[in-house]
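Hi,

Here is the structure I promised to pass on. My notes on the ligand site follow below it.

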Amino acid sequence: MLTAEGLMVFYENMLALNNIALNCGHNQIVGVFGANSAGKSTLMYTLSGIILDQKIKEKMRGGEQITVMGKVSFEGQEISDLKPHLRARLGIVLCPERRRLFPESSVLENLKIGAYMATRQEAKDTLGYVLDIFSPLKKLLRRPAGFLSGGEQQMAAIGRALMAQPKLLLLDEPLLGLSPAYQQVVMNSVKLIRETKKISIIVTEQYARPVIPIVDYAYIMENGSGVMSGSGPELLDNPDVKAAYFGV
Ligand code: ATP
C-alpha cells in the first residue's frame, strides 16, 4: 500500500529524517515510536506531502530552507512530488498532532469540514459511522470544539479525518495528553476502524505501551533515524527497547 525509501529531510542544516524506510501494507496498523524530536511529525508531514507546502511557504517568506529527498509510493504509484491535497484525494489523510480542530466551530462543523472531498452520501454515511464509534460526540455536536476535553477532541479529530474517506490514515500522536482511560478508548476505536473500514493506519507515539497491542509492525526512531523495527512481540523481546519505550 505505502512504501517509503531513503527519506531525508533537512531544516536548513538540521537533519530531521535520516534515510528512513517504512512499509505499510493493506489493512495493517503500523506504529512509529520515538522520543520528543525523534522526527515523528516530520515523517508524517513527508508521507502526507505537507512538508512540500511548508518548503514552499518558507521559501516565499525567505525563511529556512527545507530539503526533502527520497521516494514515497502509494498503491504502486510514486507520489514523492505530489502535493498534499492530491495525496489526500488518493486517500492519504493526516490527523495531525495536537488535533488542530477549529476551536470556535462546533463539533459538527469540524466533522463536515473533513468531508470536503466526499460525496453527499459518503458524508452522511461516514457521519453516522463516526457517531457510532465515537458515541460521546452525539451529545456534543453543537458544542464548540474548543470546549471539549482532550479525549473528546481526539475523537472529533479522528472523526474529521475519517470524513475525508481515507484509505491510509496517518495518526500523529493521538494519545498526547490523554488520560490512560481515554488512551484505551482511542486505541480500541483505532482497532475497530481498521476492522470495519478495512483501511491502513500509521500511528506515531512517544510511548509504545498503549499502542503495541494493536500494531502489526512497528518502527523505532531516534534522532531522525530508524533504529529498529519488528512485530510487537519482537520489539518487546529487546531489553533496551523495553526500557526506553515501554517503561518496563
Ligand atoms: P514531538 O514529539 O516533539 O512532536 P517529533 O518526533 O514529532 O517530536 P519532529 O517534530 O518531527 O519530531 O522534529 C524533529 C526535529 O526537527 C526536532 O529536532 C525539531 O526541533 C526539528 N524541527 C521540526 N520542525 C522544524 C522546523 N520547521 N524548523 C526547524 N526545525 C524543525
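**Around the ligand**

A backbone N or O atom of Gly39 comes within 2.9 Å of an oxygen atom of the ligand, which counts as a polar contact (a pair of N or O atoms within 3.5 Å). Taken alone the ligand exposes 630 Å², and the protein buries 67% of that (Shrake-Rupley areas, 1.4 Å probe).

Before I go on, a caveat: this is a predicted model, with local features needing pLDDT of at least 70 and side-chain atom pairs pLDDT 80 or more, while totals for chains, interfaces and linings use all residues. Numbering runs from 1 along each chain as its sequence is written, and side-chain values use heavy atoms, with hydrogens and water left out.

A polar side-chain atom of Thr42 is 2.5 Å from a ligand oxygen atom, and an N or O atom in the side chain of Glu64 is 2.7 Å from a ligand nitrogen atom.

The shell has 14 residues (a heavy atom within 4 Å of the ligand). Ser37, Ser41, Thr42, Glu64 and Glu173 are the closest. By type, the shell splits into five nonpolar, five polar (Gly is counted here) and four charged residues. Helix 1 (40–48) and strand 2 (14–24), both DSSP runs, each give at least two shell residues; helix 1 has the largest share, with three.

One more thing: Lys40 and Glu173 form a salt bridge through their side chains (3.5 Å, N to O), the cut-off being 4 Å from a Lys or Arg side-chain nitrogen to an Asp or Glu carboxyl oxygen. This pair links distant parts of the chain, 133 residues apart.

Cheers

Conventions. Polar contact = N/O pair within 3.5 Å; in protein donor to acceptor, adjacent residues only side chain to side chain. Helix = DSSP H or I, 4+ residues; strand = E, 2+ residues; numbered from the N terminus.
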